[in-house]
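Please look through the structure below.

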Amino acid sequence: MMRQYELVERVARYNPKADEALLNKAYVYAMQKHGDQKRASGDPYFSHPLEVAAILTELKLDDATVAVALLHDTIEDTDATRAEIDQLFGPEIGKLVEGLTKIRRLDLVSTKAKQAENFRKLLLAVADDVRVLLVKLADRLHNMRTIRYVPPDKRQAIAAETMEIYAPLAGRMGMQGMREELEALAFDILEPNAAAMIKERLEDLRARNRDLIGQIETDLAARLDSHGIKADVTGREKRPYAIFQKMQRKSISFEQLSDIYGFRVIVEDVATCYRVLGVIHSTWAMVPGRFKDYISTPKQNDYRSIHTTVVGPRRQRVELQIRTAEMHRTAEYGIAAHAFYKETGRGNGAARQNGDSRAYEWLRRTIDLLSIADNPEEFLEHTKLELFHDQVFCFTPKGRLIALPRGATPIDFAYGVHTDVGNTCVGCKINGHIKPIATQLENGDEVEIIRSESQTPAPAWLTIAVTGKARAAIRRATRDAERRQYAKLGHHMLDDALARHGKLLSSGTVRTAAAALGQPSPDDLLAAVGRGTVDVKAVIGAIDPALAAAGNGAAAPGEGGPKPVPIRGAFGDLPVRFAPECGAVPGERIVGVLTPGKGVTIYPLEAPALAALSGDRDRFIEVRWEVDRQSDELFPVQIAVSAVNEPGSLGRIATIAGDIGANIDTVRMTRRDKDFTEMRFTLEVRDLRHLKEVLARLSECPVVSSARRVLN
Ligand code: MN
């Protein structure tokens, strides 16, 4: 176990101004509190927080974070309290320890829903101070390092969670070293056979190619040196888990892997990175498709480097990463590399977090998304998607970079720019050409979103969008639009009911009724009436009990009389659908039937289905057509056509319908005998006159013996 002075020395080495008294006090306090508690390994419990603290010193974190690591299990596992920690160590540390306590119980969960909810809590705890996440990752790392002491049946769950959430989260925070170790430890448990096989093959290879890595290092360094470039060249085998992933992704065997070795070239400045690239490409043949410049376009986790693969020295395929020392530090430590050290005394923790970090920005955005996401499970799915998937980088016409997960569409792009841009998107141009909004974006695409203020997101976009942000916003906009429709319908219904009593609906009466009926707002009341979950009569009663007692009221003539609900079609501003068995067309007399939760179904007055509903008269709503003659909306009706059995009959019927602008939506054979076939069509027409015209033209057709409207 590390000694007290060793830990303090380690911090003081990279941070001479560290508060040694704080570290000493936290060490002693945590050790005393954990007392003789033991870990599963039999070690004193205190060895765990101490190791977690040690991991954080490797990341060179500030003294407060290291102290929090020492204290991180005290509130949960000992009689320590937040108040006591506040008093001894100050509220900044108290708050961090409490954040860790809150997410402590998140470990070891089985169900997906639970895992999702826990992930949400984790991010909420991190929202206050990203150092909570750094301690949590170090905590998980130490628990993974000692997982062999955990009962075998629990190991799988812990390893799976590490692989699914913590390792990618560390990667997304740019902490490559942390991510690689978490992955390696989880890989051994999740895929023990594959892990053992790959390690064995790597060892064979090492025995056969004695010091191949060293030779290539020397060759590369010598070549660079001959061009006057000072560079630090190091090579390594790829990690077993990275090899496993590649074998899986490409469905190939270990022997078919061509690049087992990766080399890193670290130089002084950016200009030299490109000089190195030039020397390497002009010396060895580059492998096409493998060149990536993350210096000019950094990854979203701040990672910067040039990647390329060449058929290099000793005819080996060699993968190279070229970067500066500073880029290397960011690649290894990520968000932890940004200074957390306080400039003067006890600063404000949150203020010290580096605002320029893109990884931090991503975290913030993900946390913001929590407030608009509908359910935690979906949120987790989409966060995972963003954690795992490669990115595509696209640009606005003004050159702003929008990073999206692979598979993203212009809808995702639009929401990536701004929620308002997404909500008003009607189309897009990709690299100057109009393209469908379902197009998958490619790296480097310039995307221009075409907007219209009158647009609202179509629910169908949910199948096109892949990012959590876009999907949550679409769902919310759809829900808002639907709610507005219901509120409008509710308003019409109340207006109509009051008019029967010669009264007018005012915003004041709605407010009074909403309060009386316990609805949060007048709009909520109106939407509930439109949905059919609050009865019109109940609202009238709340406005004026005398009116409710007076019954339905007589239809007063003229001004102030009944005001039927205007029907503008299925895509108007009310939640309306047409009776599925018969449809309804403008020009015929109709009635609406309110179905709770489903809005209004419109029936022709003659529809036989209405008879079955007549016991439910309260649900009937007076409606009238108010269809814009300019609009080209078509309305569905059912017609039955009897035609002679002869090839081409159906074709002739379809031609007639098409000629006069009616749409055949579906056809179904209802009867067929030797001479005649009876067919049922769902036909879409403009109005009653249009329907009559279609029926007349069909009846004139020689192959048709009869054509008529059906209502059931
Ligand atoms: Mn712990």
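In what order do the strands of the open sheet of four strands stand? The order is β13-β15-β14-β16, and the pairing is mixed. Strands here are DSSP runs of E with at least two residues, helices are runs of H or I with at least four, and both are numbered from the N terminus. β13 (576–578) and β16 (620–621) stand at the edges with a single partner strand each, so one side of each has no neighbour in the sheet. β14 (residues 590–595) pairs with β16 in the antiparallel sense over two bridges; two strands count as paired if DSSP finds at least two bridges between them. Gly 592 stands opposite Ile 621 in β16.

The model is predicted: local features need pLDDT of at least 70 and side-chain atom pairs count only at pLDDT 80 or more, while totals for chains, interfaces and linings use all residues. Residues are numbered from 1 along each chain as its sequence is written, and side-chain values use heavy atoms, with hydrogens and water left out.

Turn now to the manganese ion. Its protein donors are His 48 (NE2), His 72 (NE2), Asp 73 (OD) and Asp 139 (OD), at 2.2 to 2.5 Å. Donors are N, O and S atoms within 2.8 Å of the metal (3.2 Å for Na, K and Ca); water is not among the atoms, so sites may look incomplete. His 48 lies in helix α3 (residues 47–58) and Asp 73 in the loop between α4 (63–71) and α5 (74–77), so the pair ties together parts 25 residues apart in sequence. Both His 48 and Asp 73 are buried (under 20% relative accessible area, with exposed over 50% and partly exposed in between; 1.4 Å probe, protein chains only).

Gly 174, which follows α10, has a positive phi, near 80°.
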